[in-house]
Amino acid sequence: MGGARSRGVRRVAGVVLAGLLAAACADGDVRPQAAATGTPPRTGELTWGTCPEPSEAEAQVWGAAEHRPAYARHAARLRCGTLTVPADWTAPRGRRLELAVAILPSTGDGPAEPLALNPGGPGVSGRLMPIGIASGGARALLDRYDLVGLDVRGTGRSGPATCPAAESLDAGPQPAAPTPRTARAYWNRLARAHTTCAEADPAQLASLTTTNAAHDLDALRRALRAPRLHYYGVSWGTSLGATYRTLFPTHSGRTLLESVVSPDPDLRGLLDGVTRAREQRFEHFTAWLAARSDRYGLGTTADEVRTRLLSLRERLTTRPLRTSDGTYGRVETDQYLDAEPADRAGAGAALSSLARGRAPAGDGDGKPRTAAPPLVAPFAGTALLCSQVTHAASFTEQWSAYGERRTAYPVLGATRPMFPGSGEVPGTSTCAGLPAPERPPVEPGRADGPLLLVAHRDEVITPLPWARAMRARTGGWLLVVGEGEHGGMAGGGCAGRVVGFFAGEEGAAAEGGVCEP
């Protein structure tokens, strides 16, 4: 999840491509038939047309340089259309929306069923996700499925919902820890921006719910004349998938939910869970560094490494290291302490250099890597998330919870959790100024189709305990991938498990509770 795209979602997409702008989509006869020319589409109708040429960001995210020929080949086969749905499924005769759909037809010889894909965000454009999947390690899904991409309502080309006042809001340079005054000021500015946008089109804001999005999925299933809908969702897409299975249990096919969001909707609990996972990951990092004391020289036991790193952070907080390459203080140190498993070697080298009073060398210094061009609709994503959680409506409540996290998790509790409900300033929320949900989110339940939940062992965006909590509600199998890459399964060494599950090989889920890429 998250307003900025994570490295994991980029891997699901097929890694980053620099500057692929071509490969427009093609026309073709597809099922079902398009609506008659000149006739306004009816609710639930899928109308086919010409695929728009991808934007630069879309091409970069959903195709990879090493997969350029595959990208072009798949794009030439893509079928694009619009699905007409009610803005509010409780008032189906009211305002209507047109949702952008793209289908990559199966290359297999037998009959194919639809497999809907969602990359999460919430708010990430998923229309071209079929190309990313078909160009990567899970490409064999095309042998038996039509891969279906959809821009969820309010995102991408599906009537994007925007809030310029909020999206242009600059939190400014962040200190090591905000003061109540600076945090409240940011909260108030964000709340005013959200209130202004909500008042401009309250019906649109009210329509941006996970429940409505799940009804959209079933409308797509009906338009495709499919008895059931198979589904692969990542991050927030797991909330959408769990909601769909609960609302339409008899129409739910094989479902894979990866990097699972907690079924408990309390935002405070979500932020606590993310922070706890980051703190635990730091403890694993100290043990990793201790096991390599001859290389990094930061201590021979986890406790010794921890003490030295926190002492180093305290020193750089009061006396930042100023070099020709930049300044290294509390913010930079926290980035290294919060390293993902894939970045541990670089972060360890950087911390070792700082401990000796030297600037880290080179680009591989363990800092977070540059994100791909965003495909996220920020306001729509915020609205979809905040419709799914019970969030504190006041700054006082958020700030109090933040204070408790700082005490409970002294290493990283003061920094911003990487979860889309957290505001740019720690101690605030992206839900500031938005109304609480009119109806409670759907409680995840059980359904007919097979279910595989996938968690990544050291992941902190959607921690492993969340997948276990979801399984207690929904049943199914749980597969743990032995690295911390958020949403990276289809693009990594465990992609075969994705293909095996959707091929009906139950052993791909049931016999191996862990996959080591």
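Trp-399 and Tyr-402 are both located in helix H16, three residues apart, about one turn of the helix, where helices (H or I, at least four residues) are DSSP runs numbered from the N terminus. The structure is a predicted model, in which local features need pLDDT of at least 70 and side-chain atom pairs count only at pLDDT 80 or more, while totals for chains, interfaces and linings use all residues. Residues are numbered from 1 along each chain as its sequence is written, and side-chain values use heavy atoms, with hydrogens and water left out.

Both Trp-399 and Tyr-402 are buried, a class that means under 20% relative accessible area, with exposed meaning over 50% and partly exposed in between (1.4 Å probe, protein chains only). Helix H16 spans residues 395–408 and also holds Arg-405, which counts as buried because its relative accessibility is 4%. When neighbours within four places in sequence are left aside, Arg-405 is in contact with Arg-268, Leu-271, Asp-272, Thr-275 and Gly-413, contact being defined as heavy atoms within 4.5 Å.

Aromatic pairs number 11 in the structure; rings of Phe, Tyr and Trp (its six-membered ring) pair if their centres lie within 6.5 Å, and planes under 30 degrees apart count as stacked, over 60 as edge-to-face and the rest as tilted. The rings of Trp-187 and Phe-395 have centres 6.1 Å apart and planes at 65 degrees, so this pair is edge-to-face. The pair links distant parts of the chain, since Trp-187 belongs to helix H6 (residues 180–200) and Phe-395 to helix H16, 208 residues apart. Trp-187 is buried, with a relative accessible area of 5%, and Phe-395 counts as buried at 5% relative accessibility. For Trp-399 and Tyr-402, the ring centres are 5.1 Å apart and the planes stand at 50 degrees, so the pair is tilted. Elsewhere, ring pairs join Tyr-145, Tyr-232, Trp-477, Phe-501 and Phe-502 into a cluster.

The axes of helix H10 (residues 267–290) and helix H12 (residues 302–318) come within 8 Å and cross at roughly 110 degrees, the axes being lines fitted to C-alpha atoms, for helices over the stretch in contact, and the angles running from 0 to 180 degrees between N-to-C directions. H10 and H12 are therefore roughly perpendicular to each other, given that angles under 35 degrees count as roughly parallel, over 145 as roughly antiparallel, 65 to 115 as roughly perpendicular and the rest as oblique. The crossing of H10 past H12 is right-handed; a crossing is left-handed if the near helix is turned anticlockwise from the far one by less than a right angle, and right-handed if clockwise. Phe-282, Glu-283, Thr-286, Ala-287, Leu-289 and Ala-290 of H10 make the contact with Ala-302, Val-305, Arg-306 and Leu-309 of H12. These contact residues divide into seven nonpolar, one polar and two charged, where Ala, Val, Leu, Ile, Met, Phe, Trp, Tyr, Cys and Pro count as nonpolar, Asp, Glu, Lys and Arg as charged, and the others, Gly among them, as polar.

Helix H13 (residues 330–337) packs with H14 at an angle of about 140 degrees, with the axes 9 Å apart, and the two helices are therefore oblique to each other. The contact is formed by Thr-333, Tyr-336 and Leu-337 of H13 and by Ala-347, Ala-350, Leu-351 and Leu-354 of H14.
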